[in-house]
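I set aside some time to go through this structure and write down what I looked up, entry by entry.

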Amino acid sequence: MTVYLEGGSACGKSRLGEEWAVFLHRGSPGPLLYLATMEAGDGESQGRIARHRAARSGKGFETVERPRDLASLDLPPRATVLLEDLGNLAANELYSPGGGGEAALLSGLERLFDRAENLVIIGNAVFGEGPGLDGEMGAYLQALSAAQSLCAARCGIAAEVVCGIPLYHKFPGKEAPRL
């Protein structure tokens, strides 16, 4: 099963993503992986990482730090993977030393889709308002848009998270489960 959750900053998408991953992992013999993409470059990002670690403590996740190059990631068999998050991954592939650009971003996502038993991807709602941008920001938004389109197309479930409430736009049944 594949799930794509998108929302604004601090909207509850990470908590919901963790719930989906734990739900999908139930009864699975494979590991439950938290694929962390944030590079802790400053105190604020270190604080966010610490808060996320604390929130998922005791849920059975094994954290894998992977800020880029998902295409070469060797996943264990039958893994349930929570990718946190698409915006960081896109920025790392485009702007970090060793990043492979948009092509690496998309090929890495394809590899996850092909290899994970269950996959939950956390995305970012950054396209709400404002004019189109040129330069680096325009390139970032173009790459992120391509990645989000891929996720929405490949995932069986897609939702926008607003104030902690998932608004399912794509769901293969009548009603989403209570997690």
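**Backbone, helices and surface**

I began with Ala 10, which I found in the loop between β1 (2-7) and α1 (13-25). I noted that the model I am reading is a predicted one. I then looked up the phi of Ala 10, and the value is near 55 degrees, which is positive although the residue is not glycine. I wrote this down because most residues other than glycine have a negative phi. Ala 10 has a relative accessible area of 81%, and it counts as exposed because that value is over 50%.

Next I turned to Arg 78, in the loop between β3 (62-65) and β4, where phi is near 60 degrees and again positive in a residue other than glycine. Its relative accessibility is 42%, so I recorded Arg 78 as partly exposed.

I also checked the peptide bond that joins Glu 84 and Asp 85, and I found it to be cis, with omega at about -5 degrees. Asp 85 belongs to the loop between β4 (80-84) and α3 (86-95).

For the helices, I looked at α4 (residues 101-115) and α5 (residues 135-154), whose axes come within 9 Å and cross at roughly 15 degrees. I therefore noted α4 as roughly parallel to α5, since angles under 35 degrees count as such. The crossing of α4 and α5 is right-handed.

My last entry concerns the surface, where Val 162, Ile 165 and Leu 167 form a nonpolar patch with about 240 Å² of accessible area together. Val 162 lies in strand β6 (residues 157-162) and is partly exposed, with a relative accessible area of 35%.

Terms used. Residues numbered from 1 in each chain as written. Predicted model: local features only at pLDDT ≥ 70, side-chain atom pairs only at ≥ 80, totals over all residues. Heavy atoms only, no water. Patch = residues over 30% accessible without salt bridge, like charges linked within 9 Å, V, L, I, M, F, W, Y side chains within 5 Å. Areas by Shrake-Rupley, 256 points an atom, 1.4 Å probe, with all protein chains shown as cover. Salt bridge = Lys/Arg side-chain N within 4 Å of Asp/Glu carboxyl O. Helix = DSSP H or I, 4+ residues; strand = E, 2+ residues; numbered from the N terminus. Buried < 20%, exposed > 50% of the residue type's maximum accessible area, 1.4 Å probe, protein only. Axes fitted to C-alpha atoms, helices over the stretch in contact; angles between N-to-C directions. Parallel < 35°, antiparallel > 145°, perpendicular 65-115°, else oblique. Left-handed = near helix turned anticlockwise from the far one by under 90°.
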